[in-house]
Amino acid sequence: MILKKAQATMNNYALNKPVGTEEKTSLWGSIKKLLPLLNDQKERIIVATVAAFATSGLNLLAPILIGHAVDDYIQKGQYHGVLVYSAIIFTIYIAAVVTSYFQTLFMGRVGQNVLFTLRNSVFNKLGSLPVAFFNQNKAGDLISRINNDTDKLNQFFSQSLVQFFANIITIIGAAIFMLVVNWKIGLVAIIPAIFLLVFTQILSPWIKRKNALSLKNIGGLSAEVSESIDNFKVVVAFDRRDYFKEKFKEVNEINYKSAIGAGIANNTLTPTYGLASGIAQLIVIAYGITLISTGHFTLGLLISFLSYVGRMYDPLRQMATVWSSFQTAFASWDRIHAILMLDSDLTKISETKVVSSAHVMEFKDVSFSYPGGKEVLHSVNFTFDRGKTYALVGPTGGGKTTTASLIARLYDPTSGVVLLDGKDIRSYEDGERARKIGFILQEPFLFSGTVRDNILYGNEEYLNLTNVELEKVISDHGLEKLLARFDDRLDTAVTATGSALSLGQKQLIAFIRAVLRRPELIILDEATANIDTVTEQLLEDILKKLPKETTLVIIAHRLNTIENADEIFFVNAGEVTQAGSMQHAVDMLLHGKRAS
Amino acid sequence: MATTSTTIQKKKGSSIVGLLKPYLWPILGLASLAVASSGIGLITPKIISHSIDAFVHGTFVMQTLLVEFGAVTLGVFILTYLQSIVQTYTSERVAKDLRNSIADKIGNQSYEFVEKVTPARLLTNLTSDIDSIKMLIGQAIASLISSVVIVIGATTILFTINWQLALAVLGIIPIIGGLFFFVFSKMRVLMKKSREVIDWLNKVINESVLGSALIRVLNSQGPEFDKFVKANTQAKDVGLQILRIFAALIPVITFVANLAMLVILMLGGHFVIGGSMSLGDFAAFNSYIGLLIFPILVVGIMGNAISQAQASYDRIREVLDAKEDAGTGTLKKELEGRIEFKKVNVKYVEKYALKDVSFEIEPHTKTAIIGPTAAGKSQILHLLTRLISPTSGVIKIDKKPITEYDTSALHKQIGFVFQDSVIFNLTLRENIAFGGVASEADLEKAIKTSELGDFITTLPQGLDTVISERGSSLSGGQKQRIMLARALALDPKILLLDDFTARVDNKTEQKILSNLMANYPAITLVSVTQKIAAVEGYDKIILLMEGEVIASGTHKELLTTSPEYVQIYDSQKSTSHYE
């Protein structure tokens, strides 16, 4: 045997880990993961930082100049000096407008650029992950996760980041100015801030605990609601609507109490920050006046200092509010990062030895199981020859669609090999494989746009044709009668929900799309289930017109839809067995097999 | 029930103010605390200016400053702290009451309503929509009131100190207000554009998630990425446009505020030199201007929070105003158990779940419905319990349309064992007697029939042990048997089993079925199943595929008439052989 037994274990792509197993990530860890994204933004960040320092420097320079003007001119009654100082201050203000503009602009650009790159890489990742990822995560969950989390990041990068950045620099700047102007008063003015930091540190565990309890109870409330609403049929069928209401009241009450606890804990900080700011002002005045009376300080500088206290404590208070948006943004970033960290396990392997073979498709000892699930296919062997029509029949859940998915390499077998034209299917480039195999999926999916967009989707050959030319190609393939089923032919609009089109029409579009690509092997997975019998006949005629060497694989759960098959396979309980022709199959079903 | 739905209709389109009416007193309390704390806060600059003036005149007493300033700071601290407590209590109270009324409303709705609105959406109503209303009460109301008090108060004080200077300086308020108005009207257009682009982005993401299989079959990740980059670039462009406005707005507002300071320096300096104003008042002017800027901005920002809360409230009202269950019939009679389906269709948007289904079931017989998954088997049972209603066609029980029955009376006589086991966070006794009052004898019989006796003796508190779905160690079979006991505790006339045999082993299954026949001899049994072996002896087997009845008859009849039935039968022979 030249074929190596492939030992593939499928990745676990489930994003929602069972409760309690999520790894805890620290804020700093999250920030670190974000750093690589900032790499090509270095220049902008430098410009923004320089501008930010300049802005806060300029804005902080004004109060001290006002102080000097008070001391040197107003108190001495020299109005001319006041005017000179006013002119200087005015110039400073103008300069601050410019630097502040650049600060916001550049920091904002950093945010927008990072967001742009981030969105692109998330989308790119979505494109590179295999179908298994989408099957393991509910589409609704996935969409809301990506949309919500990128939105949270958007808010963060567009708003909070700029504010946070500016606040930090202003706080630092104000502290430096106070220390430079008068280090003694500066130091005492900063003391309440240090006390605040300590106080916040001490209170944090308590606040965190209260919030964790409240979060837990909100979770409990959600769980209770889910338990009852998800099982609403039991509540209704057993006539126990009162149960739901009472149970809800109970958890709602518990939630109410802990929410109040959390609310009170969260609200201790803001008044305290106000208190600290007030104390700082009081210290500055009391100490300032004491120093003035001994000649070590001036009234003008006292007025400047009061400004500085405001400029230091106000942003501090704002930071407390920005902080929560910070934390939600980083939680979102962690979740996005979890997607970015996933890797596709459907990689291309190097060329394997070509087994000269007339078979277009061959399964050799193929077994398959979905992650964490039972084996769906057990060591399956079969071959498809060029130009023939095959039917896969059997009850739902027997493994028909799984077999088809392996033919199109939506998954790799857990063991065994799938050969396409005698070559391991894993050694094909994605593009080449896609050209060879057409797969009309059970659930037709349409992109919003027009019928033309959808027919030509993934088809570069006809992309640049005019509508007239395309119509000709369509009638060459015998598809013109199908196109006539659409009111505006090629220009018929397809909306996002596709509600204007019937399921049958969607299946027709999928059919036209597949035929126009002229693949060597076409799989129709229950593809005509919602098409009326007249149209179904039409489709059969079209299929007959396909090039002689095209192989057809038809999947159906009912026997009468596969009369024209050259060969029928039963796919059942994970096994694929040959059943011969239609008549033979029915005979065998009704009599043969049971007799044995 | 009809009266409640009409009164509810009347309230439609009510604004969020209506919601707050019952909480007038706490909200008034909140408002007065906000007024008091920001009012007292306005005194601070005054104290500073007095101290400076007193110092200049040599009458400064340190103690007065410490007492006055300390009292004000402490007062503000206590008032804001009280305010935060009141606002926490009020907002949580409103949230709790609103949640309860939503839950009451949901509790009165039909199963179809819940499925249509989706449990996820209802959960959103009960959580994040409530949160934004909480936000309104918890933050917006108080900060709006404080802002207004500060703006009006500071303005008044400035005028009393020096009206000429006040007039000159307060020129900034209309300028900032005008700027804000201008920018926000421009911003609204951009925000709308931004929302549209985000919708576009999300659409591309949605389609690429929903169409993921197709994209991989056609290997069209490249074009998809191009589509996305186009939308993403647009999003970035709009983001940058908004940014440019913001980048200009912030410095300009700062500049205008700074200009006010400059005016104080020039004009105020002039007054101080001329002797018509004290140095302390000069300092006070500076402080009050500093106090004024932020509240003006807050008013603009909070408008957003209000409209968000209103939007959430509108969504909640949709649930609260929804019409309630169509109501029930009045027929209350003891059921015999004859069931009849006549041309019943159930259609979801495009797809038929059941198509032209007709059959009859004689009372006191055993009927099996078999077929592949998604064939519509469970829907038949749901129709029988009125969990869903047919799109067309008639369902009769004892020759009377099912809609004529009082639903409560119907539910008390039809036992339904659902496919998925639903265990509530209650004691075992409460779980089994979930359908209301079950006599001790009924309970005993149900437990015996379900073969739960042995299991119950192993439990620490026996029947009074609290079992729960979350974190329980019950096996699938045990849960399934509890579900059966729950249905049997009703002492039902009709028993519906939805894939009951899937998780119970063969031996137990046979035992339970013979118990059932012995203890409930007159019951009409309808069993949905995948396993033919378990139902070979039934009076009737109905084969369902893709919502259509393909064949019906006894096991023997079907073996000779239906190739599909034979196919399933054979496949199960090979599976059981395989196992």
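Start by selecting Glu440(B) and Ala441(B): these two are exposed, on one side of helix H16 of chain B. Keep in mind as you look around that this is a predicted model.

Now extend your selection to the whole of H16(B), residues 440–449. Which residues of this helix are buried? They are Ala446(B), Ile447(B) and Thr449(B). Show their side chains and look down the helix axis: the three sit on the same side of H16(B), because they cover an arc of only 165 degrees around that axis. Glu440(B) and Ala441(B) are on the other side. Before you leave, step just past the end of H16(B) to Glu451(B), where phi is positive, at about 60 degrees.

Zoom out and color chain B by secondary structure. You'll be looking at 21 helices and 12 strands. The chain has 579 residues, and 42% of them count as buried. If you draw its contacts with a separation of 6 or more, 80% of them come from residues 24 or more positions apart.

Next, bring up both chains and pick out where they meet. On the chain B side 114 residues are in contact with chain A, and on the chain A side the number is 110. What gives the largest share of the chain B side? Select helix H11 of chain B, residues 221–274: 27 residues of the side touching chain A come from there. Color that side of chain B by residue class and you get 60 nonpolar, 37 polar and 17 charged residues.

Over to chain A. It has 18 helices and 12 strands, and 42% of its 596 residues count as buried. For contacts between residues at least 6 apart in sequence, 79% link residues at least 24 apart.

The last stop is a sheet in chain A.

For one bridge to click on, take Met361(A), whose partner in E4(A) is Leu420(A).

Conventions: Residues are numbered from 1 along each chain as its sequence is written. Chains are lettered from A and ligands numbered from 1 in the order in which they are written. This is a predicted model: local features need pLDDT of at least 70, side-chain atom pairs count only at pLDDT 80 or more; totals for chains, interfaces and linings use all residues. Helices (H or I, at least four residues) and strands (E, at least two) are DSSP runs, numbered from the N terminus. A residue is buried if 20 or more other C-beta atoms lie within 10 Å of its own, exposed if 12 or fewer, and partly exposed in between; C-beta atoms are placed from the backbone. Two residues are in contact if their C-beta atoms, placed from the backbone, lie within 7 Å. The arc is that of the directions from the helix axis to the C-beta atoms. Two strands pair if DSSP finds at least two bridges between them. Ala, Val, Leu, Ile, Met, Phe, Trp, Tyr, Cys and Pro count as nonpolar, Asp, Glu, Lys and Arg as charged, and the others, Gly among them, as polar.
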